Amino acid sequence: MTEDALPHLVSHAGRWPERAAVVMTDDGSTLSYRELDARSHALAGQLAAAGIEAGQHVAILMENRLEFMIAVWAASRSGLYYTPVNWHLTADEVAYIVSDCGARAVLSSDARRDVLKPVVAACPDMSLWVCDREEPSGFAPEQGLPHKPIAYDALEGSSMIYSSGTSGRPKGIKRAVTGAPFGALGAGDAMLRRLYAWDEDAVFLCPSPLYHAGPLNFAMVTHRSGGTLVLMRDFEAPEALEAIGRHRVNKAWLVPTMMIRMLKLPDRERFDTSSLTHAIHTAAPCPQDTKRAMIEWWGPILYEFYAATEGNGLTAITPQEWLAHPGSVGRSPDVRIVGEDGQLMPTGEVGVIYFASAWTQFEYHNDPAKTAEARDSQGWTTIGDIGYLDADGYLYLTDRKTHMIIAGGVNIYPQEAENVLAVHPAVEDVAVIGVPHPEYGEEVKAVVQLGAGETASDTLAAELIAHCQSQLARYKCPRSVDFVEQLPRMPNGKLLKRDLRARYWTNAKVRI
C-alpha cells in the first residue's frame, strides 16, 4: 500500500498529533488531528454499538462548528452514508429528508434540538444524537444510556447530499458505497490534488455551510492531505479577509456573491491576502467584471470549475486560460452540447450540456424517473444546464434550462442580464426572471436588492434598465424593475428562483 493510500486521519494523527485539523475564525477554537481521529473513531464505535451498520444511513444537522467534522469522519470511516442537512430548513423539510434517506440517527447540536423535536416524532426509526456531551466522542443519544464503543469495520463511506429543491422536493444524490478500506482515495481527491496542489501544507478557508457538497468535499480533502481547515460559522467579508491574513490561508473557496461583497468594502486594501495561492470559485455564475476585479486585486490566482453534486463530470479553468477565454468555465473532452432533437450542436450553438463519461455513477434516491431523465440513450448525463462550446472547446454556461424565459417565442437566458446588473454600483444582489405578460406569455423583470445607502425610485429603475441595454440587446433586458429587501438566496449563493417566480405567477391568468 502506498503512503497516499494509508488511512488518512490515522496516519496524520500519528505524524503530527497536535497539528490543527480545524480552526474556527470567530473564537479561535481548535480541533487537533489527534482529537479528530480519536473522537471520530469513538463516535463510529458508538454508532456500531447502536446497531448502525455499513451501508446504512445517518444525517447531520448542525451549524458550522468543530463537531461537524467529527460527525462526518465518524460516518465516513465506518462505511455509512451520511447526509448533511441544511439547518435553515423547517422541521417538516428536515423530516422529509431524514425519512426519505432512511437515517438511523441524526447527529446534531443543542442549537438545533427544537427543530428536531417534531422530526423525532415523525421518524420513529431514527434516534437523535447530540454533541457537547461527556463522552469520548462528545456525542451521546438524546434518550437512553450512551452506547459504549465497539469495534467496527473501517470502510470508506459516502455522502448522499440532497439537491437544493429549486423545483419540487429535494432529491438525494446517491453513489454506491464501494466497501473500499478506510483511507482509499476517490476520483475527487485526486482531482483536487492535481488541479490545486492540495497537500499537507494546505490552509483552507471555508466560508460556506458544510451541508453543501463543494465546501464539504474541499474540507475533507484538506484532512486527507493533512492540512488545516479554517472554518467560518457564517460569511462576513471583513472576517474572511482578516482570517486569510491571520492564519496565512493559501486556499480559499468562494462564490460570486462573496467576491462582490469583498470588492465593495471601502477599506479592502488594508487586508493582507499575500499568502493565497488558489482561490477557487464555483456554484453560481460569476460576472466577468467581478472576476477581473478580483484578479486585479489578488493576482492571477482565481481558479474556477464547473461541476454538480451528482459528480457526472467537470470542467476546470486556470486564471490564465480565463483571461484568454473570458466567461468560460473551462473544458473537458467529455462535454457534449445537445439540441432539442438529441443531436450534437455545432460550435457556438446553445444546447443542453451533457457529459459523455462520469467520475462516478449516481442515482436520485427513490426517484428512478428522475434518474432516467438525467441520461440519454448513449448513457450521457445532464443536470439540465444550458451552454455552448467555442472553437477551442471551452464551455460557456448560458443558464439553467428551467430558468429560460420564453417571450413571444424567443428564448431569453436571464443570466446574461444578471451578470450586467450585478456590477452596477447601486446593486447588492439581483435576479432576472420571466413574469406573466398577456400577449407574449412572459416578459423580463429584474428583482433588485439595493446596496447600503441606496434608495429605490423610478429614476433608479430606469437607470438600471438603460445600463443593461447599453451592453445587451434590448430583448434580453428587463422591461421593469422591482426592489426588494432581500432575495431568496441560499448560503452557497444559489438563488431560489422557484420561490421568487411564485410571487408573480401564483394566481396569474397567463401560464407557460
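# Close-ups of the predicted model

**View 1. An open sheet of 6 strands runs in the order E7-E6-E5-E3-E4-E8, with mixed pairing.** Strands here are DSSP runs of E with at least two residues, helices are runs of H or I with at least four, and both are numbered from the N terminus. Two strands count as paired if DSSP finds at least two bridges between them. This is a predicted model, where local features need pLDDT of at least 70 and side-chain atom pairs count only at pLDDT 80 or more, while totals for chains, interfaces and linings use all residues. Residues are numbered from 1 along each chain as its sequence is written, and side-chain values use heavy atoms, with hydrogens and water left out. Strand E4 (residues 81-84) runs parallel to E8, and 2 bridges join them; Tyr81 has Ser158 in E8 as its bridge partner. Helix H5 (residues 113-122) packs on this sheet and touches strand E3 (57-61), strand E5 (105-108) and strand E6 (127-130). Contact, by the way, means heavy atoms within 4.5 Å. The direction of H5 makes about 165° with that of E6; axes are lines fitted to C-alpha atoms, for helices over the stretch in contact, and angles run from 0 to 180 degrees between N-to-C directions.

**View 2. Helix H4 (residues 91-101) has its buried residues covered by elements that include E3, E4, E5 and H5.** The buried residues of H4 are Val94, Ala95, Tyr96, Ile97, Val98, Asp100 and Cys101. Buried means under 20% relative accessible area, exposed over 50%, and partly exposed in between (1.4 Å probe, protein chains only).

View 3. E23 pairs with strand E24 (residues 441-450) in the antiparallel sense over 10 bridges, and Pro436 has Glu442 in E24 as its bridge partner. E23 is mostly covered, with 9 of its 11 residues buried.

**View 4. The rings pair up: there are 11 aromatic pairs in the model.** The rule takes rings of Phe, Tyr and Trp (its six-membered ring) with centres within 6.5 Å, and calls planes under 30 degrees apart stacked, over 60 edge-to-face and the rest tilted. Tyr196 and Tyr303 make an edge-to-face pair, 5.8 Å centre to centre with 80° between the planes. Tyr196 belongs to helix H6 (residues 187-196) and Tyr303 to strand E14 (residues 302-307), so the pair ties together parts 107 residues apart in sequence. Both Tyr196 and Tyr303 are buried. For Trp198 and Phe218, the ring centres are 5.2 Å apart and the planes sit at 55°, so this pair is tilted. Trp198 is in the loop between H6 and strand E10 (203-206), while Phe218 is in helix H7 (residues 213-225), so the pair links parts 20 residues apart in sequence. Trp198 and Phe218 are buried too. Ring pairs link Trp198, Phe204, Phe218, Trp253 and Phe305 into a cluster.

**View 5. Tyr196 and His278 touch each other.** His278 lies in strand E13 (residues 278-281) and counts as buried because its relative accessibility is 10%. Leaving out residues up to four places away in sequence, His278 touches Leu195, Tyr196, Ala197, Asn250, Lys251, Ala252, Ile301 and Tyr303. With neighbours within four places set aside, Tyr196 is in contact with residues including Phe218, Lys251, His278, Ile280 and Tyr303.

**View 6. The largest nonpolar core has 90 residues.** Such a core is a set of buried Ala, Val, Leu, Ile, Met, Phe, Trp, Tyr and Cys residues joined through side-chain atoms within 4.5 Å. Those with the most contacts inside it are Met69, Tyr196, Leu205, Phe218, Met262 and Trp298. Helix H3 (residues 66-76) supplies the largest share, 9 residues. Another core, of 24 residues, lies apart from it, with Ala417, Ala422, Val444 and Val448 among its members.

**View 7. Two charges over rings: Arg19 over Trp16 and Lys370 over Tyr364.** The test asks for NZ of Lys or CZ of Arg within 6 Å of the ring centre and within 35 degrees of the ring normal. Arg19 is 4.0 Å from the ring centre of Trp16, and Lys370 is 4.8 Å from that of Tyr364.
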